Amino acid sequence: DGKYVPKPPYVPTPEEVQAAKLAVVDAEYAGKLEENKSAIIVAATVDQDAEYADELRAERQTLQAEYIEKRSEIG
């Protein structure tokens, strides 16, 4: 009949929505964990500050636990 029928907007599947949310969490924590790792290396090797390096290691464990928890909440 020649009438223009616009294509309906794309609706992502639940799996695609979940994958997108996981990607955001992965990117967020990859940056945080990399920054923490660099700080540990500097504290332990450059500054020779074992106490501060241990504090940073404990912070890393907390970050890793948060990361695992956020991922489990999504998927």
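## Asn 36 and its contacts

Not counting residues up to four places away in sequence, Asn 36 touches Leu 56, Glu 59, Arg 60 and Leu 63, where contact means heavy atoms within 4.5 Å. Asn 36 lies in helix H1, helices being DSSP runs of H or I with at least four residues, numbered from the N terminus, and it counts as buried because its relative accessibility is 3%; buried means under 20% relative accessible area, exposed over 50%, and partly exposed in between, with a 1.4 Å probe and protein chains only.

## Basis of the model

This is a predicted model, in which local features need pLDDT of at least 70 and side-chain atom pairs count only at pLDDT 80 or more, while totals for chains, interfaces and linings use all residues. Residues are numbered from 1 along each chain as its sequence is written, and side-chain values use heavy atoms, with hydrogens and water left out.

Leaving aside neighbours within four places in sequence, Tyr 29 is in contact with Leu 63, Glu 66, Tyr 67 and Lys 70; the C-alpha atoms of Tyr 29 and Lys 70 are 10.0 Å apart, although 41 residues separate the two in sequence.

The buried residues of H2, namely Ala 53, Leu 56 and Leu 63, pack against helix H1 (14-46).

## The loop residue Gln 48

In the loop between H1 and H2 lies Gln 48, which has a positive phi of about 55° although it is not a glycine. Most residues other than glycine have a negative phi. Gln 48 counts as exposed, at 62% relative accessibility.

Notes
Helix = DSSP H or I, 4+ residues; strand = E, 2+ residues; numbered from the N terminus.
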